[in-house]
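These are my notebook entries on a single model.

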Amino acid sequence: MAESESGADKSEEPTGKRLEESRKKGQVARSRELNTVAVTLSGIGGLLVYGADFGRVLLAMMQKNFDLPRAVLLDDGSMAAFLLLSGKMVLEAMLPLLLILVIASLVGPAALGGWLFSAESMAPQFSRMNPLAGLKRMFSTHALVELLKALGKFTVIVLVALAVLNSYQQDLLAIAYEPLPSAIIHSANIVGWSMLWMACGLILIALVDIPFQLWDNRQKLMMTKQEVRDEYKDSEGKPEVKSRIRQLQRQMAERRMMAAVPNADVVITNPTHFAVALKYDPAQGSAPVLLAKGSDFTALKIREIAQQHKVMLLESPGLARAVYYSTELDQQIPAGLYLAVAQVLAYVYQLRQYQSGKGKRPAPLPDLPIPPDLRRDE
């Protein structure tokens, strides 16, 4: 099991955020052996396909450069012309092979880990200049694996090379007795197939290296339980920050609620523990709406604001509790409280008429009808 720098066990699988951050930093599984095999096999395959044409071009170039007329030899400017001509012939012959190698060098790395460009991985890392860190890397598990891979590649290539030389022994000896044109083509063919067999030996190394690189990269990304908790806090927000945000949201909602109290028709109280502010707009024809509600200190603030703006205060403990628990801010009261609230609003209207000298003093407010399912006792 992997350990962190603090000594804690990295027992947790990497999270999606950890994987995304590591990819941005260029920390993905890569296999140099896979890249080597891809470029080598592609190059050798291109050599086998275009080797004969390349041999013919090489033969033609040699004929042009070694079979020169006397006039050309006496011309000082002919050397540059023949050099340019030879370079052009070689470039045209090698161009398909070069294109194959370029494509293989781009596709090979993308086969494991995909396409990735990371500016962070290209930035200089001064920590690598630390001699102690360098010694630690030299004697790490990764360094041991690289050493074993190098020994494995050397062993495989030597064994395959010996087997190839033994199988092509007669062909190599026969080249000495062939004409030059056929000898060049025959030699290119032998070299191509020999390199192909040796490159196939590297496939064994790549098949071992790829699972190791995947496992090694996964181990590096493993997380401790504390790292998972810290990441969760960073992504979801620290509890104290979230608590502060909720507190600010409550304060803002309370300020908006208090600003609506002066628009209320009546504030019904408990009389001290609860207070609810109701507004009824006959023009809209809808039910009364709850503008504000609160308990204890908030209820006291609602009553103070109502008194400052001459909003009617009415004590009805049962109705105050029923509205407080059944209705949310800016919502209509439930249908079960229509009759009780209607009686309250009618009483408030009659009391205002009386206070303005336009009517009789209303009778005391009777017991209000509150349905059992909406009744809340303290």
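**Entry 1: Helix 4**

I began with burial in helix 4, where S78, S86, M89, A93, L97, A104, G108 and A110 are buried. I note that the model is a predicted one. I then checked the extent of helix 4: its 33 residues, 78-110, reach 47 Å from first C-alpha to last. That span is close to the 48 Å expected at 1.5 Å a residue. I also looked for bends and found a kink of about 45° at L95, shortly before the proline P96.

**Entry 2: Strand 1**

I next examined strand 1, residues 266-269, and found both of its faces covered. V266 and I268 are buried on one side, and V267 and T269 are buried on the other. I recall that side chains in a regular strand alternate between the two faces of the sheet.

I then looked up the partners of strand 1. Strand 2 (residues 274-279) runs antiparallel to strand 1 and is joined to it by four bridges. Within this pair, V266 stands opposite L278.

**Entry 3: T298**

Finally I turned to T298, which lies in helix 12, residues 297-308. Is T298 buried or exposed? I class T298 as buried because its relative accessibility is 18%, and the cut-off for buried is under 20%. Leaving aside residues up to four places away in sequence, T298 touches E254, M257, M258 and K293.

Key: Residues are numbered from 1 along each chain as its sequence is written. This is a predicted model: local features need pLDDT of at least 70, side-chain atom pairs count only at pLDDT 80 or more; totals for chains, interfaces and linings use all residues. Side-chain values use heavy atoms; hydrogens and water are left out. Helices (H or I, at least four residues) and strands (E, at least two) are DSSP runs, numbered from the N terminus. The expected span of a helix is 1.5 Å times one less than its number of residues. The bend at a residue is the angle between axes fitted to the seven residues ending there and the seven starting there. Buried means under 20% relative accessible area, exposed over 50%, partly exposed in between (1.4 Å probe, protein chains only). Contact means heavy atoms within 4.5 Å. Two strands pair if DSSP finds at least two bridges between them.
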